[in-house]
Amino acid sequence: MVQSILIYSMGEVIGDGLIKLPFIAGLRAAFPKARITWCAAKGQTVYAGPLKAVVAGYIDEILTDGPTGDAALDVLPWVKPFGGRTFDLVIDTQENLRRSLVARRAAKGAFVSAAAQARKPDWPVAVAERLARLLALATDGAGAPRPLALTDPDAANAARALLPTAHYGGPVYVGLAPGAGGQDKRWPLERYLDLARRIEASGRKAVFFFGPDEAADAQAAREAVPEALFPEADRTDGFPGVKGPLLAIALAGRLTAAVANDAGPGHMLAAGGAPLLSLQKDRRKAVKFRPAARRLELLVAEDYGQDMAALPLDVVDAALQRLIAGVS
């Protein structure tokens with residue numbers, strides 16, 4: 001019986017951490033009673049910071065100190081990585097062979113290594129698929145990624161208050177996340193606004209997601225589509241402690257579908273279980289870093305032209321309708 005698990009990584013910034021959430025949820029489902037320890041070998045992981053509340057109940061402990069395999073000499077036989085601890089199952093998610101040797105020393109039972117799998121010709125390109133394979137290997141094929149169910153009851157309560165359950169004939173919520181870290185990764189805001197108008201005209205409800213640095217775009221959206229919802233900003237729920245990624249992921253569970261650029265908000269909506277239409281700039285990144293959504297449509301701008309503006313509104317709308325209809 002697996003009672004202790006070590007997940008070994010080099011660390012996570014926000015994008016990495018979000019992509020891995022369905023893997024974490026699948027791991028917890030496969031081992032509901034095990035103590036799960038996450039080792040960020042380089043000492044930095046968003047699971048100890050911005051996503052700490054999100055992974056509560058899924059990850060029991062974060063290791064960032066002491067010999068963790070990051071230093072070259074950690075591989076020496078007299079060095080005791082992880083404080084000399086051992087675990088029933090170790091899943092090494094990184095692909096460096098030297099570090100994998102360090103992680104292997106912590107396994108008193110099964111050891112699953114991405115470094116070993118990466119040498120095989122059928123190793124997937126997509127990060128989400130790589131994690132899915134590691135999970136399948138660790139569970140004899142029984143485990144699979146799944147949407148994250150937040151353990152904080154306030155998060156669920158806030159989402160229900162901000163996006164109430166639609167009764168028969170009521171609104172269907174469609175999320176729109178127009179932001180991205182780089183302007184070249186953004187489908188033009190005007191196209192998102194046109195799409196929001198179409199959503200509203202169809203009897204559905206457009207729900208916008210904007211980051212704290214996107215106030216000007218949010219105001220433009222309010223003026224252009226005044227009937228749309230802005231739940232992250234227009235708080236009427238009484239749970240002010242639920243905010244940031246925790247709130248976005250909770251709200252995602254209330255959406256029938258969502259549209260987002262290649263950026264953090266898209267990964268948050270995917271992690272929360274929203275069927276997602278992901279708008280990507282180039283195919284190489286679209287394959288490797290595609291969101292781990294339970295249902296996913298991908299549109300790549302380079303298939304239509306030189307930049308994100310080349311993606312036609314009608315093509316995006318058609319893909320969104322497929323998601324809403326559940327036929328993607």
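Reply: In this predicted model, the largest pocket holds about 710 Å³ of space. Its lining comprises 29 residues, and those closest to the centre are Ile 14, Ala 263, Gly 264, Pro 265 and Met 268. Three helices, α1 (14–19), α9 (244–252) and α10 (264–271), each supply at least two residues of that lining. The greatest contribution comes from α10, with 5 residues. By class, the lining of the largest pocket divides into 14 nonpolar, 7 polar and 8 charged residues.

The second largest pocket has a volume of about 350 Å³. It is lined by 17 residues, and Asp 16, Lys 20, Thr 93, Gln 94 and Val 127 lie nearest its centre. Here α1 and α5 (127–138) each supply at least two lining residues. Helix α1 is also named among the helices that supply at least two residues to the lining of the largest pocket. In the second largest pocket, however, α5 gives the most, with 4 residues. This lining contains 8 nonpolar, 4 polar and 5 charged residues.

Helix α9, one of the contributors to the largest pocket, also packs against another helix. Two packed helices are described by the angle between their axes and the distance between the axes. For α6 (residues 153–162) and α9, the angle is about 60° and the axes are 9 Å apart. The two helices are therefore oblique to each other, and α6 passes α9 in a right-handed crossing. On the α6 side the contact involves Ala 155, Ala 158, Ala 159 and Leu 162, which meet Leu 246, Leu 247, Ala 250 and Leu 251 of α9. The residues of this contact divide into 8 nonpolar, no polar and no charged.

The axes of α7 (residues 189–201) and α12 (residues 313–325) come within 10 Å and cross at roughly 45°. That angle makes α7 oblique to α12. The crossing of α7 and α12 is right-handed. From α7 the contact draws on Arg 191, Asp 194, Leu 195, Arg 198 and Ile 199, and from α12 on Leu 313, Asp 314, Val 316, Asp 317 and Leu 320. By class, the residues of the contact of α7 with α12 comprise 5 nonpolar, no polar and 5 charged.

The other partner of α7 described here is α8 (residues 215–224), and the axes of α7 and α8 come within 10 Å and cross at roughly 35°. This crossing, too, is right-handed. Leu 189, Leu 193 and Arg 197 of α7 make the contact with Asp 217, Ala 220, Ala 221 and Ala 224 of α8. The residues involved divide into 5 nonpolar, no polar and 2 charged.

Technical notes
Residues numbered from 1 in each chain as written. Predicted model: local features only at pLDDT ≥ 70, side-chain atom pairs only at ≥ 80, totals over all residues. Heavy atoms only, no water. Axes fitted to C-alpha atoms, helices over the stretch in contact; angles between N-to-C directions. Parallel < 35°, antiparallel > 145°, perpendicular 65-115°, else oblique. Left-handed = near helix turned anticlockwise from the far one by under 90°. Contact = heavy atoms within 4.5 Å. Nonpolar A, V, L, I, M, F, W, Y, C, P; charged D, E, K, R; others polar. 1 Å grid on protein atoms, 1.4 Å probe; cavity = no way out; pocket = protein on both sides within 12 Å on 5 of 7 lines; lining within 4 Å. Points joined across faces, edges and corners; volume = space filled by probe spheres on them.
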